[in-house]
Each structure stands twice: as C-alpha cells, then as structure tokens.
Amino acid sequence: LTTLVYFINERSFEAISFHFMTGGSLGLYSNQIAKNIKKYLDIAHHNLIFPLWFTEQISERLENLVNLKIHFNYYLSAVQGSLDSHPMYIASKSGLQAAFKSLVCKRKPNLIYSGFVLGMVDVSHKYLHKLSKSDPLQFDEILNSKIPSLNFANPDDISKFICECSTHPSLSNGMLVDISGGGSWIQAKQ
C-alpha cells in the first residue's frame with residue numbers, strides 16, 4: 001500500500017480506477033466451510049474486510065490530491081438475491097453492498113463508486129465453463145434454475161460495459177447495476 005501510494009503521488013494521474021472482484025464458485029464447497037473457522041474468516045476477509053479496508057486506506061492517503069479522480073468499482077454477487085450459497089458468503093457479499101452504499105453517502109468530491117452485481121460468468125478456468133463443455137445438459141439445468149434470462153455472461157461484454165460506465169463518472173457515481181441476468185432477484189428454491 002505504501003509503495004502504491006508513493007507511485008501515485010509521484011505521477012500526475014488525472015484518474016485512477018480500482019476494481020474489487022472477489023468470489024467464485026463457493027456454493028459448490030459450502031459443506032466444507034462449517035468445519036473450519038478459518039474458512040469463515042477467509043471468506044469475510046476476501047469478500048468484505050479487505051475491499052473496505054483498502055478503499056478507506058487509499059481514500060485517506062490520497063484525499064489531498066484534489067485533481068485526482070479515484071474510481072472504486074465493486075463486483076458484487078447475485079447470491080445476495082438468490083440466497084443459494086453458504087450464509088457466510090451471502091453475509092459478506094451483502095455487507096460489501098451495504099458498505100458500498102455507505103461509502104457513496106459519505107463520499108468526497110473526487111471519489112467515485114460503482115457497483116456491479118454479477119451473475120454466472122463464463123470464465124474458462126471455472127467449474128461452470130468446464131461443465132458447459134463436458135455436460136451441457138447438467139449445465140443447462142443449472143442455468144435454467146439460476147438465471148431467468150438464460151444468459152451465461154461473457155467476460156468481454158461485461159468489461160466493455162464497465163469501461164463504458166467508467167467514461168461517464170457523473171452517471172456511474174453511486175450506480176449499483178444488476179448485470180446478473182436476473183440471478184440477483186430470483187428467490188432460492190424452496
């Protein structure tokens with residue numbers, strides 16, 4: 001953090017963008033979490049504590065650089081709406097979303113916050129991508145039950161959308177946008 005702040009202070013940046021993309025296919029491992037308190041702490045640290053701590057540290061250390069716009073981008077999880085994962089993961093993701101809203105309300109003029117609720121994303125090294133290739137029927141079953149739009153999001157499309165949002169800071173500041181394909185607003189199956 002000290003090195004990063006020094007690097008930023010030594011340059012004449014007009015804008016800096018930080019991206020907090022945390023999470024993964026945690027729902028697949030939920031039965032293993034309860035066996036170890038360290039897993040609870042790791043989940044909270046990874047998904048809530050570190051992004052919030054880092055945001056506050058950077059904001060505090062760079063707040064005097066009034067000509068510098070600092071854009072914090074948070075990638076939240078659709079699991080908050082479906083409640084279809086481990087309670088600790090859901091709580092951490094929900095906590096990050098609440099922290100995001102609080103940061104927006106307390107923000108300083110040179111700080112910009114954007115939040116993106118992601119759903120299932122087609123990442124080549126992840127379980128769901130591999131399943132879509134090895135067992136398309138099982139993958140379709142998951143897609144049909146979790147994502148109302150039936151859209152397995154493409155990382156390139158998501159990044160283009162987010163870059164476009166970043167070019168309009170007056171519109172994206174405080175924005176919390178759902179790009180989950182509906183996965184954040186469906187309820188868990190009873």
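**Close-up views of a predicted model**

**View 1. His86 sits in the loop between helix 4 (79–82) and helix 5.** Helices (H or I, at least four residues) and strands (E, at least two) are DSSP runs, numbered from the N terminus. His86 counts as buried because its relative accessible area is 8%; buried means under 20%, exposed over 50%, and partly exposed in between (1.4 Å probe, protein chains only). Tyr40 lies 46 residues from His86 along the chain, and their C-alpha atoms are 10.0 Å apart. This is a predicted model: local features need pLDDT of at least 70, side-chain atom pairs count only at pLDDT 80 or more, and totals for chains, interfaces and linings use all residues. Residues are numbered from 1 along each chain as its sequence is written, and side-chain values use heavy atoms, with hydrogens and water left out.

**View 2. The whole chain holds nine helices and four strands.** Their order along the sequence is α-β-α-α-β-α-α-β-α-α-α-α-β. The chain has 190 residues, and 39% of them are buried. Contacts (heavy atoms within 4.5 Å) are counted here at a separation of 6 or more; residues 24 or more positions apart account for 74% of these.

**View 3. Lys93 is a buried residue of helix 5.** Its relative accessible area is 0%. The side chains of Lys93 and Asn47 are joined by a polar contact of 3.2 Å. A polar contact is a pair of N or O atoms within 3.5 Å; within protein, one must be able to donate a hydrogen and the other to accept it, and residues adjacent in sequence count only if both atoms are side-chain atoms. Leu76 is 17 residues from Lys93 along the chain, with 6.4 Å between the C-alpha atoms.

**View 4. Thr55 belongs to helix 3.** Thr55 counts as buried because its relative accessibility is 0%. Its side chain makes a polar contact of 2.6 Å with the side chain of Tyr74. Leaving out residues up to four places away in sequence, Thr55 touches Phe20, Phe72, Tyr74, Leu103 and Tyr113.

**View 5. The second largest pocket has a volume of about 240 Å³.** Of its 14 lining residues, Glu56, Ser59, Leu103, Lys106 and Tyr113 are the closest to the centre. On a 1 Å grid over the protein atoms alone, a pocket is an open set of points where a 1.4 Å probe fits, with protein on both sides within 12 Å along at least five of seven lines; lining residues have an atom within 4 Å of a point. Grid points are joined across faces, edges and corners, and the volume is the space filled by probe spheres set on them. Helix 3 (37–62), helix 5 (87–106) and strand 3 each supply at least two lining residues. Helix 3 gives the largest share, five residues. The lining divides into five nonpolar, three polar and six charged residues. Ala, Val, Leu, Ile, Met, Phe, Trp, Tyr, Cys and Pro count as nonpolar, Asp, Glu, Lys and Arg as charged, and the others, Gly among them, as polar.

**View 6. Asp122 lies in the loop between strand 3 (111–118) and helix 6 (127–134).** Asp122 counts as partly exposed because its relative accessibility is 25%. Its side chain makes a polar contact with the side chain of His129 at 2.4 Å. Neighbours within four places in sequence aside, Asp122 is in contact with His129, Phe152, Ala153 and Pro155. Phe152 is 30 residues from Asp122 in sequence, yet the C-alpha to C-alpha distance is 6.0 Å.
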